[in-house]
Amino acid sequence: MTWLAIASQIVAVVRLLLSQVEGRRAEAARQHQKSVGRQEALLEALKDVQKFLDDAALARERALRDLSHDPDSLHADDGFKRSAPDPDTQT
């Protein structure tokens, strides 16, 4: 075998190895992108949960403030009376 033939085979093997490395790199990049996409989706979901919790905390603070000013105000619009029933009208 001549030196030229040996060099040609070495070049062919190196090209094959490089193509395999490139294929693995491309697959790793795809997997990384999928992971990044999942992380971004999770971050958006966590932001939604945080907003929900912030809104709930504000509603709780408002309700406690309303309750401290007027204990019946928390239920003022539900149509029920909060006073004790009149014993003379009960059967």
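Trainee: Is K47 buried, partly exposed or exposed?

Mentor: Happy to start there, with the reminder that this is a predicted model, where local features need pLDDT of at least 70, side-chain atom pairs count only at pLDDT 80 or more, and totals for chains, interfaces and linings use all residues. Residues are numbered from 1 along each chain as its sequence is written, and side-chain values use heavy atoms, leaving out hydrogens and water. Buried means under 20% relative accessible area and exposed means over 50%, with partly exposed in between (1.4 Å probe, protein chains only). The relative accessible area of K47 is 45%, so this residue is partly exposed.

Trainee: Which residue does K47 meet in a salt bridge?

Mentor: A salt bridge here is a side-chain nitrogen of Lys or Arg within 4 Å of a carboxyl oxygen of Asp or Glu. For K47 the N to O distance is 3.6 Å, and the two partners sit three residues apart in helix α1, so about one helical turn separates them. The partner, partly exposed at 43% relative accessibility, is E44.

Trainee: How far apart are the closest N and O atoms of E27 and R30?

Mentor: Both residues lie in helix α1, three residues apart, about one turn of the helix. E27 is partly exposed at 33% relative accessibility, and R30 is partly exposed at 47%. Their salt bridge has its closest N and O atoms at 2.8 Å.

Trainee: Is K51, the partner of D55, buried, partly exposed or exposed?

Mentor: D55 and K51 are four residues apart in helix α1, and their salt bridge spans 3.1 Å between the closest N and O atoms. D55 is partly exposed at 38%. With 51% relative accessibility, K51 counts as exposed.

Trainee: Which residues form a nonpolar patch on the surface?

Mentor: Patches take residues with over 30% relative accessible area and no salt bridge, joining like charges within 9 Å and nonpolar side chains (Val, Leu, Ile, Met, Phe, Trp, Tyr) within 5 Å. V14, in helix α1, has 42% relative accessible area. Together the patch members have about 280 Å² of accessible area (Shrake-Rupley method, 1.4 Å probe; for residues, only the protein chains shown count as cover). They are I10, V14 and L18.

Key:
Helix = DSSP H or I, 4+ residues; strand = E, 2+ residues; numbered from the N terminus.
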